[in-house]
Amino acid sequence: MTYQDCLDYLYQQLPMYQRIGNAAFKKSLDNIVALCEAMGQPQHQFKSIHVAGTNGKGSSSHMLAAVLQESGYKTGLYTSPHLKSFTERVRINGQELPQDYLVQFVEQYKPLFERVKPSFLK
C-alpha cells in the first residue's frame, strides 16, 4: 500500500460524517472499546490530556504539548483537521508522523477497521 492508497482507503472506506452524514455517527462507545481491546488497551500505557470544547482546542493542545516537551516529557499530539498533510495530525515530540508509519499502521489494522467500521474524522 502506498501513502496515497492509505489516504484513499481512510477517506473512502471508513464511515465519515462529511460524506455520509448521520449514518457515520455512533452514539455508543462500542467501536472505540472494540478497537482498544484489539490493540491491547493502549490508552492504559500512557498519561494523557483530552482537550475538548468549541474554540481554542488546537492552540491549547499545541501549547500544552510545547510546555510538557520543554519540561522533558515525551509528548504525543493529535489534532484535526490538517492543513497540508494528513500526517501533521499526529506529532511525537513535535515531529510529524512519518508517512510510512501511517501506511504500516493502516495495513496492520485494516481487517479490524473493516470489521468494527469505526467512524473517521476528516
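**Reading a predicted model, feature by feature**

Author: Lys-117 is partly exposed, with a relative accessible area of 48%. Keep in mind that this is a predicted model.

Reader: Where is Lys-117 found?

Author: Lys-117 lies in the segment after H5.

Reader: How do I read its backbone, and what is phi of Lys-117?

Author: Start with the general idea. Most residues other than glycine have a negative phi. Now the case here. Lys-117 is not a glycine, yet its phi is positive, about 55°.

Reader: Take Gln-41 next. What is its phi, and where is Gln-41 found?

Author: Phi of Gln-41 is near 55°, again a positive value in a residue other than glycine. Gln-41 sits in the loop between H3 and helix H4 (57-70).

Reader: Is Gln-41 buried, partly exposed or exposed?

Author: Gln-41 is partly exposed, because its relative accessible area of 26% falls between the cut-offs of 20% and 50%.

Reader: How do I read a peptide bond? Which residues does a cis peptide bond join here?

Author: In general, most peptide bonds are trans. In this model, a cis bond links Ser-80 to Pro-81, with omega about 5°. Pro-81 belongs to the loop between strand E1 (76-78) and strand E2 (90-92).

Reader: Now the helices. At what angle do the axes of H3 and H5 cross?

Author: Look at two things: how close the axes come, and at what angle. For helix H3 (residues 30-38) and helix H5 (residues 99-116), the axes come within 10 Å and cross at roughly 155°. Angles over 145 degrees count as roughly antiparallel, so H3 is roughly antiparallel to H5. The crossing of H3 past H5 is right-handed.

Reader: Which residues of H3 and H5 meet?

Author: On the H3 side, Asn-31, Ala-34, Leu-35 and Ala-38 take part. They meet Leu-112, Phe-113 and Val-116 of H5. By type, the contact of H3 with H5 holds six nonpolar residues, one polar and no charged.

Reader: How do I read a core? How many residues does the largest nonpolar core have?

Author: Again, the general idea comes before the case. In soluble globular proteins, nonpolar side chains tend to be buried together. Here the largest nonpolar core has 15 residues. Those with the most contacts inside it are Tyr-3, Cys-6, Leu-10, Phe-86, Leu-102 and Val-106. Helix H1 (3-13) and H5 each supply at least two residues of this core. The largest share, seven residues, comes from H5.

Reader: Follow one residue. What does Val-106 touch?

Author: Leave out residues up to four places away in sequence. Val-106 then touches Met-1, Cys-6, Tyr-9, Leu-10 and Phe-113.

Conventions. Residues are numbered from 1 along each chain as its sequence is written. This is a predicted model: local features need pLDDT of at least 70, side-chain atom pairs count only at pLDDT 80 or more; totals for chains, interfaces and linings use all residues. Side-chain values use heavy atoms; hydrogens and water are left out. Axes are lines fitted to C-alpha atoms, for helices over the stretch in contact, and angles run from 0 to 180 degrees between N-to-C directions. Helices (H or I, at least four residues) and strands (E, at least two) are DSSP runs, numbered from the N terminus. Angles under 35 degrees count as roughly parallel, over 145 as roughly antiparallel, 65 to 115 as roughly perpendicular and the rest as oblique. A crossing is left-handed if the near helix is turned anticlockwise from the far one by less than a right angle, and right-handed if clockwise. Contact means heavy atoms within 4.5 Å. Ala, Val, Leu, Ile, Met, Phe, Trp, Tyr, Cys and Pro count as nonpolar, Asp, Glu, Lys and Arg as charged, and the others, Gly among them, as polar. A nonpolar core is a set of buried Ala, Val, Leu, Ile, Met, Phe, Trp, Tyr and Cys residues joined through side-chain atoms within 4.5 Å. Buried means under 20% relative accessible area, exposed over 50%, partly exposed in between (1.4 Å probe, protein chains only).
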